[in-house]
Amino acid sequence: MGNYIFRKAKNTEIPDIFKFIMSRVHWMDEVGIEQWNKTKYDECYPMSYYEQRRSKDELFVLFDNEKNKIVAVGALFHNDERRSHADSAYYLHHLASALDCKGAGSLFLEKAEEYTKGQGIKYLRLDSAVGNKSLEKFYSSRGYVEVGTCVDGLYEGILRQKNCSIKPEVFRKG
């Protein structure tokens, strides 16, 4: 893979980030995945929402320096209204990767895990749509365990988490 940097999004990148995410919504329609495209995503999360998240330093990108473009985006929240906050955690939302950059989503996730651990935070939590078997397999293979379900408007999700304070070898051994 290229020369990638995981960093906080810049204010000037918000229009590109919103366009990037909306392209993934349209892609879901094209390939028959029922997720963001069935939940009025752009109404729930307009461009102003991403501007607000960036102003709170919660919006991140994986930037390809060689191609001078964003190849993955996501937001890391300190709180999530769908979860208990008994443990130290970041909550990953809006993860999207470029279709023409194989592995960008995995690399973004890996970098988000490193960032979580580096901030002294124990868990990285996220969710995936109920019924999206491919995404369930993707997260499970990376050590994310199912811890419940959630409903947010039209969205039904499976809550998952990974303990980022444990070395990855622990997951492979058992």
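Predicted model: local features only at pLDDT ≥ 70, side-chain atom pairs only at ≥ 80, totals over all residues.
When neighbours within four places in sequence are left aside, V130 is in contact with E156, G157 and I158.

Seven strands make up an open sheet with mixed pairing, and their order is β1-β2-β3-β4-β5-β7-β6. Strands β1 (4-8) and β6 (145-152) stand at the edges, and because each has a single partner strand, one side of each is left without a neighbour in the sheet. From one strand to the next, the twist averages 30°. Within this arrangement, β2 (residues 59-64) and β3 (residues 69-77) run antiparallel and are joined by six bridges, and F63 is found opposite I70 in β3.

| Helix | Residues | Strands it lies across | Angle |
|---|---|---|---|
| α1 | 14-31 | β2, β3 and β4 (89-97) | about 90° to β3 |
| α4 | 104-118 | β1, β2, β3, β4, β5 (123-129) and β7 (155-163) | about 160° to β4 |

What is the relative accessibility of R7, and is R7 buried or exposed? R7, whose place is in the edge strand β1, has a relative accessibility of 18%, and since buried means under 20%, R7 counts as buried. Its side chain is joined to that of E13 by a polar contact of 2.6 Å. Beyond the neighbours within four places in sequence, R7 is in contact with E13 and also with L59, F60, V61 and F63.

The largest nonpolar core comprises 46 residues, and those with the most contacts inside it are I17, Y50, L62, F108 and L124. The elements that contribute two or more residues to this core are the strands β1, β2, β3, β4 and β5, together with the helices α1, α3 (47-55) and α4. For Y50, again leaving aside neighbours within four places in sequence, the residues in contact are I14, I17, F18, I21, Y41, Y45, L59 and H94.

How values were computed: Residues numbered from 1 in each chain as written. Heavy atoms only, no water. Pairing = 2+ DSSP bridges. Helix = DSSP H or I, 4+ residues; strand = E, 2+ residues; numbered from the N terminus. Axes fitted to C-alpha atoms, helices over the stretch in contact; angles between N-to-C directions. Contact = heavy atoms within 4.5 Å. Core = buried A, V, L, I, M, F, W, Y, C linked by side-chain atoms within 4.5 Å. Buried < 20%, exposed > 50% of the residue type's maximum accessible area, 1.4 Å probe, protein only. Polar contact = N/O pair within 3.5 Å; in protein donor to acceptor, adjacent residues only side chain to side chain.
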